[in-house]
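Hi everyone, thanks for making time. I'd like to walk you through one structure today, so please have a look at it first.

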Amino acid sequence: MRRALAQAALAGAAGDVPVGAVLLGPGGPDAAPLAEHHNEREAGADPTAHAEVLALRAAAGRLGDWRLTDCTLVITLEPCTMCAGAAVLSRVGRVVYGAHDAKTGAAGSLWDVLRDRRLNHRPEVVSGVLADECAGILTDFFRTPRRQPPPPTGFEPRPTVG
């Protein structure tokens, strides 16, 4: 989780929501990291550039296989529905996360995609690892005013008649 927190700090420094993810290879908590990422939605103008998705993509590329069986996905924040679905589809064996997310969490807080019995794969879920530290980095980020993104280029509103 400390590695994921370091990734989260990189996201926050870049102006993105500070979420970090590390994908560990087979072998449990002592396994070598296959991939480490942080949120890059702002940098890439990509709504799917969540830390988890980027880590899963990188690890699959490194292994040459989309099946990440027996791997562990470590995330600083409870995954959203997209990321929980990606974890299920990639067949990770375990998802470990820090802070709960009451607004969008899909590992038990709002939904429980990871343990949904209707799906063909259900990874083990471990929650609350360094939860206070993971939540703290998010709280600090959202307390700080951020620069608003510039308006889209090439768009000029029409004058209002009246």
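I'll start with the overall layout, then go to the annotated residues, the pocket, and a few other spots.

Quick housekeeping first. What you see is a predicted model, where local features need pLDDT of at least 70 and side-chain atom pairs count only at pLDDT 80 or more, while totals for chains, interfaces and linings use all residues. Residues are numbered from 1 along each chain as its sequence is written, and side-chain values use heavy atoms, with hydrogens and water left out.

Okay, the layout. The protein chain has five helices and five strands. Those are DSSP runs numbered from the N terminus: helices are H or I with at least four residues, strands are E with at least two. Going along the sequence, you read α-β-β-α-α-β-α-β-β-α. The chain has 162 residues, and 42% of them count as buried. Buried here means under 20% relative accessible area, exposed means over 50%, and partly exposed is in between, using a 1.4 Å probe on protein chains only. Now contacts, meaning heavy atoms within 4.5 Å. Among contacts between residues at least 6 apart in sequence, 58% join residues at least 24 apart.

On to the annotations. Which residues does the UniProt "binding site" annotation cover? It covers His50, Cys80 and Cys83, and the entry is unreviewed. They are spread over 34 residues of sequence, yet they cluster in space, with a largest C-alpha distance of 9.4 Å. A caution: UniProt positions are given in the numbering used here, feature names are shortened, and annotations may be inferred rather than shown by experiment.

Let's look at histidine 50. You'll find it in the loop between α2 (41–44) and α3 (51–63). Its relative accessible area is 15%, so histidine 50 counts as buried. Apart from neighbours within four places in sequence, histidine 50 contacts Asn39, Arg41, Cys80, Met82 and Cys83.

Then there's Glu52, where the unreviewed UniProt entry places the feature "active site". Glutamate 52 is in helix α3. Is glutamate 52 buried or exposed? Buried, because its relative accessible area is 3%. Not counting residues up to four places away in sequence, glutamate 52 touches Val19, Ala21, Leu73, Ile75, Leu77, Pro79, Cys80 and Cys83.

Leucine 73 counts as buried because its relative accessibility is 1%. Beyond its neighbours within four places in sequence, leucine 73 has contacts that include Ala21, Glu52, Leu56, Ala87 and Val95. Leucine 73 and glutamate 36 are 37 residues apart along the chain, and their C-alpha atoms are separated by 9.8 Å.

Next, helix α4 (residues 81–89). Its buried residues are Cys83, Ala84, Gly85, Ala87 and Val88. The buried residues of α4 pack against α3, β3 and β4 (94–99). Just after α4, arginine 91 takes a positive phi of about 65°.

How much space lies in the largest pocket? About 300 Å³. It is lined by 16 residues, and the closest to its centre are Val17, Val19, Leu77, Asp101 and Thr104. For the terms: on a 1 Å grid over the protein atoms alone, a pocket is an open set of points where a 1.4 Å probe fits, with protein on both sides within 12 Å along at least five of seven lines, and lining residues have an atom within 4 Å of a point. Grid points are joined across faces, edges and corners, and the volume is the space filled by probe spheres set on the points. Helix α5 (residues 131–143) gives the largest share of the lining, three residues.

Last stop: aromatics. There is one aromatic pair. Phenylalanine 141 and phenylalanine 142 are edge-to-face, 5.1 Å centre to centre with 80° between the planes. Rings of Phe, Tyr and Trp (its six-membered ring) pair if their centres lie within 6.5 Å; planes under 30 degrees apart are stacked, over 60 edge-to-face, the rest tilted. Phenylalanine 141 is buried at 10% relative accessibility, whereas phenylalanine 142 is partly exposed at 49%.
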